[in-house]
Amino acid sequence: PSALREVLVEVPNVKWDDIGGLGEIKQELKEAVEWPLKYPEKFQKFGIRPPKGTLLYGVPGTGKTLLAKAVANESEANFISVKGPELLSKWVGESEAGIREIFRKAKQTAPTVIFFDEIDSIASSRSNQDGDSGVTKRVVNQLLTEMDGLEELEDVAIIAATNRPDIIDAGLMRPGRFDRHIKVDVPNEEGRLAIFKVHTQDMPLADDVSLERLAKETEGYVGADIEAVCREAAMLTLRDNMDSEKVSNKFFKEAIEKVKPSKSESDMVQY
Ligand code: ATP
């Protein structure tokens, strides 16, 4: 069985409303990805080229993958997700063929969004210098070739994500490649409140729960942390009493004690 069969095309079910906050980023992604896929003729009419690739960067757990899925869904496009490290491991010895296959599949199923998660693992300027048999260099070159070869009307949009934008190969950032860079920040209090709302949407809450207060008390927590807090609060409630009807504040407080924030100043990469 050929490894080439492993390119999975999916139709994500994430909606914009499943993502708390990040309003400006949603709009930017609409313009960079949804418009070119849905209204290519408008770009032609105005004589402008849509951006080819969009780079989402920011610390882990801030919603980059969710955003890529949502923009694909809302654009009524298919979605191909590739993790950088997978390209090297799963496709051992055929990483370049893997890249070619991904683009072939994308064109075949267009409109399609290709999402390269952890792009730094294949496209870091550092790994390219390592001389590790030049594999990553060749993979990057193949990626560049495919991106350069994409015609505007082929209905393929490319999104990459990284939490190390500082080490990405400069060649990938040039015009016509990943020329749109969007920072996905750690949420502020307002963002955290929106994320708490998303993750308690289907959770019966006791009257003593104030999402506003929880948002205030969770400085440094990213979306993934807040999801973990909500899940943990519900689990603690069930563990306490299987017949509980609602999740009370006490268990949110315990959950916050347990789930530590991802973002601590010491391990922040400076962007
Ligand atoms: P990584 O760099 O680790 O891939 P990421 O930025 O891609 O992280 P996601 O995978 O999108 O992060 O988020 C992980 C989980 O955290 C999501 O499945 C979701 O449950 C939750 N989450 C993150 N951000 C948000 C948000 N803004 N609103 C709601 N949920 C969020």
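This is a predicted model: local features need pLDDT of at least 70, side-chain atom pairs count only at pLDDT 80 or more; totals for chains, interfaces and linings use all residues.
Residues are numbered from 1 along each chain as its sequence is written, and side-chain values use heavy atoms, with hydrogens and water left out.

Let's start with the whole thing. The protein has twelve helices and six strands, where helices (H or I, at least four residues) and strands (E, at least two) are DSSP runs numbered from the N terminus. Its radius of gyration is 21 Å, close to the 18 Å that the globule rule gives for 271 residues, so it is as compact as a globular protein of that length. That radius is taken over C-alpha atoms, and the rule is 2.2 Å times the number of residues to the power 0.38. Along the principal axes, the C-alpha trace spans about 60 × 45 × 40 Å. Of the 271 residues, 48% are buried; buried means under 20% relative accessible area, exposed over 50%, and partly exposed in between, with a 1.4 Å probe and protein chains only. Look at contacts (heavy atoms within 4.5 Å): among those with a separation of 6 or more, 79% are between residues 24 or more positions apart.

Now zoom in on strand β5, residues 156-162. Seven of its seven residues are buried, so the strand is largely enclosed by the rest of the structure. Val156, Ile158, Ala160 and Thr162 point one way, while Ala157, Ile159 and Ala161 point the other way. Strands pair if DSSP finds at least two bridges between them. Strand β2 (residues 53-57) runs parallel to β5 and is joined to it by five bridges, with glycine 53 partnering isoleucine 158. Strand β4 (residues 112-117) is also parallel to β5, again with five bridges, and here phenylalanine 116 stands opposite alanine 160.

On to the backbone. Most residues other than glycine have a negative phi, and most peptide bonds are trans. The bond from alanine 110 to proline 111, though, is cis, with omega near 0 degrees; proline 111 sits in the loop between α5 (95-108) and β4. At the other end of β4, glutamate 118 lies in the loop between β4 and α6 (120-123). You'll find leucine 22 in the loop between β1 (9-10) and α1 (23-38), partly exposed at 22%.
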